[in-house]
Each structure stands twice: as C-alpha cells, then as structure tokens.
Amino acid sequence: MTNSSSSKKHGQDQPELSGPTPKSHRTKMGKSEDTDKKNLGKKLKDVEISVPIVYGNIAFWLGKKASEYQSHKWTVYVRGASNEDLGAIVKRAVFQLHSSFNNPTRVVESPPFELSEAGWGEFEIVITLHFHSDVCDKPLNLYHHLKLYPEDENSSMSTKKPVVVELYDEIVFPDPSEAFLSRVQNHPAVNVPRLPPGVTLPPPIPVEDASKRRKGDTKDHPLSQWFTNFSEADELLQLAAARQQVQAHIAKLRRQISLIDGQHHQYFKSSSDQ
Amino acid sequence: MDAKDILGLPKNSFPALEKKSRPHKESHRKPDGISREVYALTGGVPPLMPSLDSSQLKKKPPSHEKITWQWLPFTNSARKDNLQLYHWVRVVNGVPPTGDYSFAKYNKSVDVVKYTDEEYDKYLTDPMWTKEETNQLFDLCQRFDLRFIIIADRFPSSRTVEELKDRYYSVSRAILIARASSTGDVATHPLVKEPYNVSQEIERKRALSMVLSQTRQQERRDEEVLVEAKRIAELRMPAKAVEESQLAPSNAGAEVTGRAVPGETASPSNAQLPSITFPDNASTLASLRILRVYLRTYALDQMVQATSSSAGPRTVKRIEQTLLDLGVNLKPRVPTKAVCAEHLELRKEMLTLLNLQKQVQYKEAEGSPFRDGSYNEAPGTPKDWTFIPDTMNFGGERVSKKDQKRKGHGHPSSSAHKRPRKKASEF
C-alpha cells in the first residue's frame, strides 16, 4: 500500500481504535468518575495534535447519458490523507450545496465523509466538520470549489477519466484535552507528538460503540485509484534548496556591507588627513 | 457654470460618483419648477432626497377660497398680564382663525416642589442650611427653571453650584418620599432611584475641566499612553484567555480606568506576557490557540501576514516573485507542520535579504562622493550586482537572464567583488 505520506509520527501500526472496553473496566471507572471527569477537561500545554486530511471532488462526465441539467456525476469528500478512518475525530460532516439542489444541506453521520450528486454547475461547497465532544466543541469549515470541467478547455471530456481536484490540509488542535489525547494516541489518522516526560494519560474512553461502526477508512474506496498521494518530501527539498540560496546570498551581502563600512572608514580617515 | 458659458470654456465633468448617465444628464436637463440659477446653486446636481416635490413649486394656492390678511389683536395665554398685541392674521372666507396664540404651548416650566412650613420643620431641616436660605433657593429655582448656574450667581450668600444642587435635590427627594403614601409608589421616580451625589459631581467636574485645559502636548502624551495600554491589553488578552484563571485579579486592570490616573494603565507588570519584542509571532500563535481548532493553511496564512506586516506591499510582491522564481509554491501544496515552518522561515530570510540589499544600496550611495574613480572603471562593480531588479540574479552582472541558471551561484561575482577592493587600496 502506498503509504509514503505525511503522517510520520504515529506509533504502532494499529488500524483500529485501542481495544474494546470490557464491562468490568467500565464499572471500575464509574467509581472514580468524578476525578476522571475533571481530568478529561484538563489540557496539556505545548502538545499539538494534527490530523492530515485531503478534501476535494471527483467528477465524471456522463457522456451519452448526460442531460442538460445533469451532465456530470460528482463526489465531494473529506478523507484522511493516508486514507485512514477519520471517524475517531470527526463526528459528522455537513455539506452545504448550492441552493438549487434539493435539501442543499446534506449531513453525513459516519465515515467515509462523502457526498455524491449529479449536476451541471460548479459552485462553492462549504463542508462543516463537527467533532466529537472530547475533541472540540467548535466546528471547522472547509471551502471547496466544485470542479467539473477540465482545466484545459481544449482537452476533450472523457467518461472514463474524471476531473479530480484534491487539496491537502491539516486540522490542528492546539490544546487537546487529555481524553482526546489518550484516545487517539496510537491512531493512524492522527499525528500526536511525543508527550513531555513524566506525563501520564488517563485510560481512553471510546466515544462510540466500536462494534456498531463499520469500516470508515477509504483504503479500498471505489474511487481510490484517483486519489492523489501527497508527499511533503518534494516540497521540503525545494524549500531547503531555496533557503540555502537565500542564506548564501545574505552572507555575501553581509560581507559586502562590512567591506563597504571598512572602506568608508578608510576614506574618512584619508580625507581628513588631506 | 454660466460664467464658463460666457467665456466659452468647456464645462468640466463632475466626478463619476453617480451612474454614467449623470454628467451627461445634468448639463442638459434641470427639473422643472425651479429656475436655472436656483438649480445651479445646488451645484447643478439634484438633491439626494428632494425635500419639496418640484412640481409643487409652481402650484397655485387653492383658488376656491377667499383669502385676506387682516391686522388683528391677539392675546397670549402664556402671559399673566392680559397684554393685547396686534399682528397679521390670515383670514379664510371672512373667518379669522381660532385657538390660542401658536407659541403659547412652548411656555413650559419645571415643577419645583413647594413645601409648607410644617413640612419643612418635620423633614427638611439641615444644619448647613437655614430655612430662609432654602426658601430663597427654591424661589430662584422656580424663577430660573433650575438653571443652577444662574441661581448660583444670584444666590445671596456664596454657595457652590454643587451645594445648591445637593440641597435642592435632597429637599425634593425628602418631600417626595414623605408625601408618598407608600415607599413603593415613588421607588421608580428618578429622584428617589438615583440621588444626587455631591462628591461624585465635584470629582467629575474637576476631571472634565482637567481634560478641557490639557495642553496639546499633554494630549499627545495621553494618546500615546492609551495606545500603548490598548496594545498591551490586546497582547494580554489571548494570553489571559489561555491561562484561564491563573492570572491574578490585579492584572484585570487591562481596562483603561480614568484618564486622571494615566500612569496605572501603562503598567506591563505581567511577566507571563509573551515577549513584546516579537509581537507578531507570539500574538498570532496566541490568537490561533483561542480558536481551538484551525487549518494548517489558515495558520500559515496568519503567520505570513504577521511577518509581512512590517514590509510594504511592494516588498511583499518582490518576495512572492522571488519565491516563484525559485520554484517554490506561494501556498505550499502539502502544508505539513515541517513544510509550513520551512516556508515561513524562507519568507523571513527573503525579507532579511531585501533589507540587506537596501542597506547596501544606501551605503553605496553614501560612499559615492568618495569613490568617483573606481565606479566608472570596473565594469562588474558591486553596484551593478546589488542593484538587482526584482528577481535574484545571483552571479549575473551582465549575464542575460536566459542563460542564468537558478542554482548557479557566483564565482564570477566573487572575483568582481575582489576587483574594487584592489582599486580602493590604490588611493
């Protein structure tokens, strides 16, 4: 599997959440619930959790079957950058479509967070991500301009090759709660940095019934062949090279400035001697 | 406009604030009903909201009535002396208008409380005030409609305005409460609800006069202090929100209290404040943390804005152009934490580079009176090299841009560097 993407910090390779909570464990927690509840609200400083995501759309031209009002079939989605399950972080996603659609507010309650429709027009879709209660109580908005027609006007549209627009971004939680931290510490979709030494987290409490959930990752998604693989390596290389050049030039200029200063000093001296 | 006509000068077009048809329209048309000269008084532009429909201006008064004007006597109910004066009256069909003198309704006065002697003895005695003085005060209040400045002026013994006001209001209040059948009735009366506070009034007026009499310099200094305080307060606020209840309550004095004590407001005693020397980064980070969740691209955007806030728009454009020349995306395609950090650092370094270039330019300019000789001789002098236009031509003095490889540094440039140095030592 092509997994050379950006999540570099996750621990063991655990595809699922940390295991099911047996009933006995639950009752034990019930006793010390109060202190746990207090701890759940506690936040760690300088620990930033980031979730790399990719969002965008894939649009297929319907070719012969296209009608005036439905020329394309498209899917807009938000997925984990490495196609991991976002359900541990995102509770639901709301896609706000153009008002000409029936029920333009589409709510997707479980991963994969995607929406398919048919239409003819390009417009801005607002994707609102609502997180689980221990993650963040404020939703986050993503703005995506639906793209149906290829960039190059002259290229012919094909029913086999879709128009794909994907954007990489990362959701950052600057002040995660301990509960969230402990829950996703080893989750593959989440980047959790190394914790400061001596910090222990309370045992994780799952936010949903693990048995009820079906697979939410997009690794075997029907459209996965069109997914882009975002790698930071190229960009880092480019940036490093650019920085090197700039730094070298800065050094040169600094030398030059000290040279000029030296010369001025000399001239001042010599002219005053005259 | 007519003068221009006479002189044969072209009319200048009015600024195109309105629609396109406007300048075309106003020189050819004017609303009917007003003469052209009158219309021109308004600048030739019709008023935004016509106060009078221009069609009304040429209307004739209703002609089915017979109107005459007669010189008739009248009385004014506001007067107490039955004086009869005369004035012109518009008579319609022989019937003079009825009703009181139209200005009588403006004769309003204040209801000054009138107390009896018993009431005075029962409720209103005061060590500072004699009965006579109080009576005089109330008489003056009645005569002058509570204009205390005048009352204070005419008051026989010298009392300050505040003292008079205090006496008047407390007497009125006491009477009001005494006469009320129950306290509940008058509880909403403004006199009862908010009694006159002498000391506060004195203080307030003093502060006001201080403000009024401030010299310009003092005003400027106060402004600066306030701006500083506001800035500190803003810096403190995100840090405060993040720290939650950790801050001592004294630090809540981020609010500006009275201008009378400007010294207090400028006290940055809070050591928890992120260093003021880097307000950009720290405060951006702090404001990001308040959001509790944000996108990496948004964060990068904020940080970039913060760093380029010190640079002008032209500089920012140059940085962006240079980024493109170096093959760097203006907005990273894969904005991970590392990539964003590198991107930000790169931008900062470019800003430094541009500033250094400017510095070199200035220094060269400074030095030119002394270096007339060497400048004209060496073809590849630093002058050419550093007066790089927008792109970064690294080694290239006269090398054409096409040949210029991006990664090619300047070995040629270092030799050019050496040449003027030699020249300089010759002097």
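In strand 7 of chain A (residues 140–145), N141(A) is the bridge partner of T128(A). Strands here are DSSP runs of E with at least two residues, and helices are runs of H or I with at least four, numbered from the N terminus. The model is predicted; local features need pLDDT of at least 70, side-chain atom pairs count only at pLDDT 80 or more, and totals for chains, interfaces and linings use all residues. Residues are numbered from 1 along each chain as its sequence is written, chains are lettered from A and ligands numbered from 1 in the order in which they are written, and side-chain values use heavy atoms, with hydrogens and water left out.

Strand 6 (residues 124–131) and strand 7 of chain A run antiparallel and are joined by six bridges; two strands pair if DSSP finds at least two bridges between them. Both belong to an open, antiparallel sheet of four strands in chain A, ordered 4-3-6-7. Strand 4 (105–108) and strand 7 each have a single partner strand, so one side of each is left without a neighbour in the sheet.

In chain B, I319(B) is found in helix 16 (residues 313–325). I319(B) is buried, with a relative accessible area of 5% (buried means under 20%, exposed over 50%, partly exposed in between, with a 1.4 Å probe and protein chains only). Leaving aside residues up to four places away in sequence, I319(B) touches R347(B), M350(B), L351(B) and L354(B), contact being heavy atoms within 4.5 Å. The C-alpha atoms of I319(B) and M350(B) lie 6.4 Å apart, although the two residues are 31 apart in sequence.
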